[in-house]
2 protein chains.
Amino acid sequence: MSGAAGLRVVVIGGVAAGMSAASQAKRRMPEAEVIVLERGPFISYGACGMPYNLADPTRDMEDLVVLSPEHARTKRGIDVRLRHEVRSIDVAEKTVRVRDLDAGREETLAWDRLVIATGARPVVPPIPGRDLPGVFLLRELTHGVAIDRFVAERSPKKAVLVGGGYIGLEMAEGLRERGLEVHVVEMRDRVAAGFAAEPAAIAEKALARHGVTLSLGTRVESIEPSNGGLRVRTDHGAFDADLVLLSVGIRPNRELAEAAGIALGETGAIAVDDAQRTNVEHVFAAGDCAEARHRVTGKPAYVPLGPTANKQGKIAGANAVGADERFAGIVGTAAFKVFDVELARTGLTLEEAERAGFSAFESGSEHGTRGHGYPGGGRLHTTLVVEHRTGRLLGAQLAGDEGAAARVNVYAAALAAGATVHDIEGYDLAYAPPFAPVYDPILIAATVARKALDGRG
Amino acid sequence: MSGAAGLRVVVIGGVAAGMSAASQAKRRMPEAEVIVLERGPFISYGACGMPYNLADPTRDMEDLVVLSPEHARTKRGIDVRLRHEVRSIDVAEKTVRVRDLDAGREETLAWDRLVIATGARPVVPPIPGRDLPGVFLLRELTHGVAIDRFVAERSPKKAVLVGGGYIGLEMAEGLRERGLEVHVVEMRDRVAAGFAAEPAAIAEKALARHGVTLSLGTRVESIEPSNGGLRVRTDHGAFDADLVLLSVGIRPNRELAEAAGIALGETGAIAVDDAQRTNVEHVFAAGDCAEARHRVTGKPAYVPLGPTANKQGKIAGANAVGADERFAGIVGTAAFKVFDVELARTGLTLEEAERAGFSAFESGSEHGTRGHGYPGGGRLHTTLVVEHRTGRLLGAQLAGDEGAAARVNVYAAALAAGATVHDIEGYDLAYAPPFAPVYDPILIAATVARKALDGRG
């Protein structure tokens, strides 16, 4: 095809990155033809909201859809095709082979620009019984709908959650709120992967306070039917369950790209530059199927999170129709709550820092969250990861009663600026008794780290 | 005196800056003699907590004392002398003339190092009736105690608050909580000095929702006794009151320094360098009596706030005993709440920016504070002040239902780094439905400002 008027942009995947790409392409070039091919029955939903939605039986899981296909078609002029699965990409011919799952037909669709936004899928541990009824994953909205329906219709009494990461912990709260007994099984020696020991311990205490039991250092070996329910066998005993959730991690949906000869990065996700271009001309990738440059290491990383997917998608869509936008990169900022505590992290953990070649140390501190004598509030623990020689901040993890998610963004800004703990100590932060003590926990944490640095320097 | 062992540090003023200085000097040099001369009956209190404390009749105002004189003496080895008023400083002789207000005696006290931490005092408008019983100021803990007692013992029904700044608005809430009818009289055309029109309007709506009435553009002319109470006459009518609060600003207590020949800055407060040194050798100043370097303008400014007082005091105390600490400067970050809304600001307002010689514009945006479909939360309005040519952030003001005080610190970090709105747009901020939408209001505000910049650029 020649000429902008006839430009066809095909987007594979219609969730965060895909719909951001499609919307941006159409907005920048209204005359372009923008087609979204989505394998599932939904587009544009806030998957991160599923555990919180589940907690409240009065909320419909489909409320998490931000943009309906009808709205996308009529208001945004995007040709959204649901239940259309792309089977292959031909980068030489500039086509995709796509299957209409309902009609059972396949066709070849030509494109001028292709945006791959195929997302990620849950890792399924290769254990017997993983496909039994009552065993769930949680990634796509269809998963959330299935769990919600199962809870409503079958009134399960006991849940075993395999994996104590973000999803596992959020679901522990969600299912507890729905009245289930919840047991979490985690292979590692603590929950909350990506967090240091102290913040993980704060999450573990919150689970215990809310009646969630926990097996650490425990590996699931099989799931079996048992008395009309399920029995989860581990290397440290067996647990009865009516509902089992497997949430042990996710991996990028890269196979379509890989089969088409599009380069993957070292992380195993699709390699992109900061314009979201793959190694193949006119082919872009964005979101959970792609890498992103980590601003602390300067190297590609795989940290699949919603904001990154939205931003990368927007940039891919813009650049697909001729813009020259650049993605600023990530620092891996994330937050979640589990019952009455908040956890948040940004940058590198000590382990990640050392793996990236930094000589670094961890500095921990704990402080109150409000002004002297102001009622309410609580404690906040901060772990800073700091480069030895320079004092440069490499990462921060926060956990406590309030203010973790809010404060982590200050560290994200500090990481973007390459700030040292000495720089952070000099930040002029707000003090007001309802919100913070006169020395904000951020300043306390920086001072504690700077003193450790001076002591070691 | 010669030799560190005999070094005597005299600190004038025993609240935030003074006690920070004294504590730091004694910690760094335990053999030094550290004397604090405090005119009032209290030291080391969190004055900012007074309006919030007042709201709750079960809380004792004196709970705001962080460190008792006994504790300072016995645990920290500081010679705290309450109700000791310094009458003059002799920098040539290195002495102060001090009056013991209870004993009625004066003496001359020698010092090797002097830290001036005399604080600030409320501006009292020169109107007839300003000294009548029932007319209050709010600055020192004694003021808070007096108001608390008056409310408890006299059960006033109506309050008129003259001045709609931080203190006036916080006190509107505090007195309303204690059951009073509250009317605020403000000379300017909006409340919340230092905020743009939109955040001020959000505060004004909160007042109205909570039954506080408001006269803008109104000047108080006199206060008169009336039917056992008071009558506040203005250029737009008269208002009955049982309690009147005058809170129209503060000014530095600089007279002692001025009379001793210590240089004042252009702002009228005591001039200091970043080591908190005045122009006189061995004489330091810190806190609300002193200037601070504003990091956005690079020039001295007078923005008297608690965190600055604490930090400057600490540095003055350290340097008084031979350290070489430097104050990083301020960006003027402040936050407060009025009923159910939060207001926060950092950096320069548009007016301040223009006065400082910047060519700048204001960019406003409003956004939800939580994830799609997550219950609760609310709206947050952001005003950014941005330099025209460069896109550099010069200031930010936030107002709304939640998250203003938390988010302002991200802008404070951005100001410290000299970030542009384009830089801020690239921040990797936390997304989790309970805490923030996928595009945090900070990112939305930066994008809106960047687009305005591009449009004008």
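**Notebook: sheets and chain contact**

I began with chain B, where three strands make an open sheet in the order β4-β5-β6 with antiparallel pairing; two strands pair if DSSP finds at least two bridges between them, and helices (H or I, at least four residues) and strands (E, at least two) are DSSP runs, numbered from the N terminus. The edge strands, each pairing on one side only, are β4 (84–90) and β6 (105–110) of chain B. On average, neighbouring strands of this sheet are turned by 25 degrees against each other, direction ignored; axes are lines fitted to C-alpha atoms, for helices over the stretch in contact, and angles run from 0 to 180 degrees between N-to-C directions.

Before going on I noted that this is a predicted model, in which local features need pLDDT of at least 70 and side-chain atom pairs count only at pLDDT 80 or more, while totals for chains, interfaces and linings use all residues. I also noted that residues are numbered from 1 along each chain as its sequence is written, and that chains are lettered from A and ligands numbered from 1 in the order in which they are written.

Next I looked up how β4(B) is held to β5 (residues 95–100) of chain B, and found six bridges between these antiparallel strands. V86(B) has V98(B) in β5(B) as its bridge partner.

I then turned to the open sheet of five strands in chain B, whose order is β3-β2-β1-β7-β18 and whose pairing is parallel. Its edge strands are β3 (79–81) and β18 (283–285). Three bridges join β7 (residues 113–116) of chain B to β18(B), and I116(B) stands opposite A285(B).

My last entry concerns the two chains, with 51 residues from chain B and 51 residues from chain A in the contact; two residues are in contact if their C-beta atoms, placed from the backbone, lie within 7 Å. The largest share of the side of chain B that touches chain A comes from α10(B), with nine residues.

Which way do α10(A) and α10(B) run against each other? Helix α10 (residues 404–417) of chain A and helix α10 (residues 404–416) of chain B pack at an angle of about 10 degrees, with axes 8 Å apart. That makes them roughly parallel, since angles under 35 degrees count as roughly parallel, over 145 as roughly antiparallel, 65 to 115 as roughly perpendicular and the rest as oblique. Among the residues that meet here are A406(A) and V410(A) from α10(A), and A406(B) and V410(B) from α10(B).
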